[in-house]
Amino acid sequence: MLDQITPIILTYNEAPNIGRALEQLQWARDVVVVDSFSDDETLDIVARTPQARVFQREFDRHETQWNFALKETGITSEWVLALDADYALTPELVNELSTLKPEGATAAYRARFVYCVNGRALRGSAYPPVTVLYRRQGALYRQDGHTQRVLVQGNVESLRAPILHDDRKSFGHWFRSQRRYMKLETRKLLEADWRDLDWADRVRKMIVPAPLVMFAYCLFVRGAILDGRAGLFYAFQRLLSELLLSLYLIDHWLLRRGRTPQAPEEHAPSIGEKEGETVAHTRH
């Protein structure tokens with residue numbers, strides 16, 4: 001089935017990651033990279049993969065960036081494999097993809113993830129399974145807080161083998177990203193009806209429990225405490241993310257009591273941290 005799959009990767013200054021992602025895609029006849037005008041070595045690294053086609057588009061939202069990649073880049077394969085630049089396929093997953101025989105009612109497959117800290121795989125994490133492989137026809141992305149979800153028409157099955165999530169960018173980059181992401185998560189929580197939230201988002205909206213619950217969940221339930229310093233680093237990362245979200249929620253409610261209600265300013269969580277007119281270019 002490998003010859004029926006086109007991998008898609010979004011990039012912006014992903015030089016620390018993109019080489020490892022592409023290394024596991026040598027089997028693909030066509031790889032689509034949608035880049036938000038990187039100014040590091042990202043595109044030089046991509047150029048080493050002859051089957052990669054690069055399109056450049058100013059980033060506005062994850063939803064529109066992914067829909068552009070899906071609809072406007074000339075993909076002709078039946079299936080698409082949607083990847084972040086810090087994802088790396090395992091040999092087990094590549095082998096599983098090669099032997100897949102999806103039934104007619106199967107529209108997509110979700111994958112679970114092994115989270116890595118500087119290349120060290122953790123025993124567990126809070127990173128959820130993601131729908132990564134799906135039929136191109138009928139698929140559409142919708143924004144969901146700071147991220148995006150693909151909507152498909154049909155059944156979603158689960159892959160057995162995992163994908164590695166191994167982001168090698170700096171802690172400073174991670175922190176800046178989390179600030180943007182948590183602003184958008186705040187907006188999502190403020191605008192959603194309580195009845196429409198899942199249990200995790202309901203806990204987050206309660207402010208006080210969420211950071212402590214997440215820290216304990218990662219450290220003890222998911223086993224990060226057994227991974228030494230790498231596990232502690234991950235648990236504290238998740239604690240800090242939830243603290244940022246709680247602070248944004250408190251800030252909003254303090255502002256609402258003092259003057260006209262307002263949601264925190266939205267800044268696109270981006271890959272490019274850029275806003276403006278959409279421009280598409282192609283590089284082969």
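Contact here means heavy atoms within 4.5 Å.

**View 1. The whole chain and its contacts.** This is a predicted model, where local features need pLDDT of at least 70, side-chain atom pairs count only at pLDDT 80 or more, and totals for chains, interfaces and linings use all residues. Residues are numbered from 1 along each chain as its sequence is written, and side-chain values use heavy atoms, with hydrogens and water left out. Take the contacts between residues at least 6 apart in sequence: 72% of them join residues at least 24 apart. You'll find 8 helices and 14 strands in the protein (DSSP runs numbered from the N terminus: helices are H or I with at least four residues, strands E with at least two). The C-alpha trace spans about 55 × 45 × 40 Å along its principal axes.

View 2. Out of 284 residues, 51% count as buried, meaning under 20% relative accessible area with a 1.4 Å probe, protein chains only.

**View 3. Strand β4, mostly under cover.**

**View 4. β4 beside β1.** Strands pair here if DSSP finds at least two bridges between them. β1 (residues 5–11) runs parallel to β4, and 6 bridges join them. Look for isoleucine 9, whose bridge partner in β4 is leucine 83.

**View 5. β4 beside β9.** With β9 (residues 130–135), β4 pairs in the antiparallel sense, over 3 bridges. Here tryptophan 79 has arginine 135 in β9 as its bridge partner.

Note on methods: Buried means under 20% relative accessible area, exposed over 50%, partly exposed in between (1.4 Å probe, protein chains only).
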